[in-house]
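Let's take a look at this structure together, starting with its sheet and moving on to its charged pairs.

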Amino acid sequence: MMPETDFLKPDLRDAEILYYPNFLKSELAWDFFNQLLEEVPWIQDDIKIFGKVYAQPRLTAFYADNKNTYSYSGITMTPLQFTPALREIKDKIESESGDEFTSCLLNLYRSGKDSNGWHADDEKELGINPVIASVSLGANRLFKMKHRHNKDLKFDLILEHGSLLVMKGATQHFWLHQLPKTKKSIGERINLTFRYIK
């Protein structure tokens, strides 16, 4: 485990964000990446945006230590039980952050063409001021944030292989985030977003 002091804390209004660039050592992170790439039953759901249905531009899976479903963009996901790898990562995050997590939404970005549009993780199942812990495995990707009410407030961050991004406090109420498409030739990325579903 990395030292507690090895993190960045951007000074953003109405947000509390911690970024641990070296949360997992590179070799261990690649082991997790290869294991999850092979063992997870990845699916591509359809999502409804402004009344139109589209194939989601990434693959997903949902795991938990309970049977609580998770719904977003017209999709309701029923969890699979945590694998040993996901539980090991969850335990590491909980030890570092002091927060508790019950569930994990996994995203597989197959190339720069896969993306995630502007959104906030503010679904009712997550409660008020949810804590979202996001682990990145594989290709580095640009992560963008913008304030809901002040268009001058923006923040960009490169999410690196083996990194952990924790968003907490009022972040989801005041900020939107996205993972945009890129024309660069890049490899696959797996994103693990741990959360507590009430």
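Predicted model: local features only at pLDDT ≥ 70, side-chain atom pairs only at ≥ 80, totals over all residues.

What follows is a short report on the strands, helices and salt bridges.

Seven strands make up an open sheet with mixed pairing, in the order β1-β13-β10-β15-β8-β4-β7. At its edges sit β1 (16–20) and β7 (80–81), each of which pairs on one side only.

The partner of β1 is β13 (residues 164–168), and these two strands run antiparallel, joined by five bridges. Within this pairing, Tyr-19 has Leu-165 of β13 as its bridge partner.

## Helices on the sheet

Two helices that pack on the sheet are worth a look. Helix α1 (residues 26–39) touches β4, β8, β10 and β15, and its direction makes about 90° with that of β10. Helix α2 (residues 84–97) touches β1, β4, β8, β10, β13 and β15, at about 60° to the direction of β15.

## Salt bridges

The whole structure holds five salt bridges. One of them joins Lys-90 and Glu-94, at 3.1 Å from N to O. Because these residues are four apart in helix α2, about one helical turn separates them. Both Lys-90 and Glu-94 are buried.

In another, Lys-168 meets Asp-99, with the closest N and O atoms 3.2 Å apart. Lys-168 belongs to strand β13 and Asp-99 to the loop between α2 and β8, so the pair ties together parts 69 residues apart in sequence. Lys-168 counts as buried because its relative accessibility is 15%, below the 20% cut-off.

Terms used
Residues numbered from 1 in each chain as written. Heavy atoms only, no water. Pairing = 2+ DSSP bridges. Contact = heavy atoms within 4.5 Å. Axes fitted to C-alpha atoms, helices over the stretch in contact; angles between N-to-C directions. Salt bridge = Lys/Arg side-chain N within 4 Å of Asp/Glu carboxyl O. Buried < 20%, exposed > 50% of the residue type's maximum accessible area, 1.4 Å probe, protein only.
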